[in-house]
Amino acid sequence: VVPADDCAGLVADPARRACAQARVSADRASLKQRLIAQIAQDGPITIAQFMQAALYDPQAGYYAAHARADGPGVFGDFLTAPMVSQMFGELIGAWIVHEWRALGAPNPCRLIELGPGEGVLMADAWRAIRTQPDAAAALDIHCVEINPALRRAQTENLAALGASCTN
């Protein structure tokens, strides 16, 4: 078990990764014990309750643990298109404008992203959307993210482009 403070000073990527993995392993063991105790006390839990804990527990959930370890993907467990190139998001933005027009250009129109992480995809899409002032004025961005650190990152990333999102 490696205390979180011991990871802060590490610079080399393999060492930092090993330190973060050790911390996550210890946190997961703690979550397992908490779930066992909860089940022993209250009886069975639903799949939804288990997934909520596994993904979003503040100390040991997958997304909470990865947020502490410099974001999802730090262990090389996944990579998303927006992490590779902004072109994917810009194409999504162009598609959004096309579909918005096909709907008759409703104003206002809510643009919702579920699990946006740091808001990279939405920021990339907004680069294309804002080239069409009528669409940019009508679209209201709403990001659905439960991680407070990621919500702050979304706000910053979109504000840098002159956009804002509600959570």
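Predicted model: local features only at pLDDT ≥ 70, side-chain atom pairs only at ≥ 80, totals over all residues.
Setting aside residues up to four places away in sequence, Leu158 touches Met122, Ala123, Ile141, Cys143, Ala163 and Cys165, a contact being heavy atoms within 4.5 Å. Numbering runs from 1 along each chain as its sequence is written, and side-chain values use heavy atoms, with hydrogens and water left out.

Leu158 also turns up in the largest nonpolar core, which has 20 residues; Trp126, Ile129, Leu139 and Ile141 join it among those with the most contacts inside. Such a core is a set of buried Ala, Val, Leu, Ile, Met, Phe, Trp, Tyr and Cys residues joined through side-chain atoms within 4.5 Å, with buried meaning under 20% relative accessible area, exposed over 50% and partly exposed in between (1.4 Å probe, protein chains only). At least two core residues come from each of helix H6 (86-102), strand S1 (109-114), helix H7 (120-129), helix H8 (133-138) and strand S2 (139-144). H7 gives the most, with five. Helices (H or I, at least four residues) and strands (E, at least two) are DSSP runs, numbered from the N terminus.

As for the sheet, three strands make an open, parallel arrangement in the order S1-S2-S3, where pairing takes at least two DSSP bridges between two strands. S1 and S3 (165-166) are the edges, each with a single partner strand, so one side of each has no neighbour in the sheet. His142 has Thr166 of S3 as its bridge partner.

Back in H7 sits Asp124, buried at 5% relative accessible area. Beyond its neighbours within four places in sequence, Asp124 contacts Pro82, Ser85, Gln86, Gly89 and Glu90.
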